[in-house]
Amino acid sequence: MTTLLYLVRHGETDWNRQRRIQGSTDVPLNDTGRRQAAETAVLLARRRFDAVVSSPLSRASETGTIIATHLGLAEPSTYDGLRERSYGDAEGLTHPEIEARWPHDAVPGRESRAALLDRVTETLAEIAVRFDAGAVVVATHGAVIRTVVDAAAPGTIERATVPIRNGSVHSFRWDPERFRAELVRSDDPIEDVSDAPGRYAFEYQNPLERRG
């Protein structure tokens, strides 16, 4: 049986606002981020869900908690495999600082895209089995979502030009036979509403997402 997974990017943090790389650093939501999570919860209430799960990083887990509370569901279970991509020594820095230190993009300690895809795929499979044939909100991070979209539908989003906005929704159908997610286009495209241009927009998801 297929499981529907609605991946939601966490709300804004102060580091998002300052354009600093977060990665595995645990930066909390700011008030704008909490408002974004609440607005996303209202959109998701158009559908029925069985559970909310999240990354253990506080910006994602609080986003998940806000959504779960609005939907009348239990507090989110956390999965370590849903953490944001680790950016190593670049975490906490701005794009100009990163360019100055590593002009050739060799950031020490940065998690590879292949490693990120492997752990996220394994985690989503675990969630899909646990909630077999159900519908689950997955509160997670921009690089995680982008990696899943790229694997499910290569070429759908371009790293340099298409942001994964805070609070945006991206729906997938998990295919247990092929051990992968497939993009879903729904009759009620809450994804489009949540990702509308100009809605808490950044030029791009973060400085390193358009690079290696």
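## Before we start

What you're looking at is a predicted model, where local features need pLDDT of at least 70 and side-chain atom pairs count only at pLDDT 80 or more, while totals for chains, interfaces and linings use all residues. Residues are numbered from 1 along each chain as its sequence is written, and side-chain values use heavy atoms, with hydrogens and water left out.

## The whole chain

The chain has seven helices and six strands. Here, helices (H or I, at least four residues) and strands (E, at least two) are DSSP runs, numbered from the N terminus. Reading from that end, the order is β-α-α-β-α-β-α-α-β-α-β-β-α.

Of the 212 residues, 53% count as buried. Buried means under 20% relative accessible area, exposed means over 50%, and partly exposed is in between (1.4 Å probe, protein chains only).

Now take the contacts (heavy atoms within 4.5 Å). Among those with a separation of 6 or more, 76% are between residues 24 or more positions apart.

Helix 3 covers residues 58–71, and its 14 residues should span 20 Å at 1.5 Å a residue; the end C-alpha atoms sit 19 Å apart, which agrees. The expected span is 1.5 Å times one less than the number of residues.

Which residues of helix 3 are buried? They are Arg-59, Ala-60, Thr-63, Gly-64, Ile-67 and Ala-68. If you look down the axis of helix 3, its buried residues fall within an arc of 165 degrees, so they line one face of the helix. That arc is taken from the directions from the helix axis to the C-beta atoms. These buried residues pack against strand 1 (3–9), helix 2 (31–44), strand 2 (51–54) and strand 4 (135–140).

## A buried serine

Ser-194 lies in helix 7 (residues 190–194). Is Ser-194 buried or exposed? Ser-194 is buried, with a relative accessible area of 0%.

What does its side chain meet? A polar atom of the Ser-194 side chain lies 2.8 Å from the backbone nitrogen of Val-169. The Ser-194 side chain also reaches the backbone oxygen of Glu-191, at 2.9 Å.

## Salt bridges

Searching the whole structure turns up eight salt bridges. A salt bridge is a side-chain nitrogen of Lys or Arg within 4 Å of a carboxyl oxygen of Asp or Glu. One of them joins Asp-31 and Arg-34 (3.1 Å, N to O). Both residues are in helix 2, three residues apart, or about one turn of the helix. Asp-31 is exposed at 58% relative accessible area, and Arg-34 is partly exposed at 30%.

Arg-34 also pairs with Glu-62 (2.7 Å, N to O). Glu-62 lies in helix 3 and Arg-34 in helix 2, so this pair ties together parts that are 28 residues apart in sequence. Glu-62 is partly exposed, with a relative accessible area of 25%.

Another salt bridge links Arg-48 and Asp-50, whose closest N and O atoms are 2.8 Å apart. Arg-48 is exposed at 60%, while Asp-50 is partly exposed at 34%. As for shared partners, salt bridges join Asp-31, Arg-34 and Glu-62 into one network.

Key
Polar contact = N/O pair within 3.5 Å; in protein donor to acceptor, adjacent residues only side chain to side chain.
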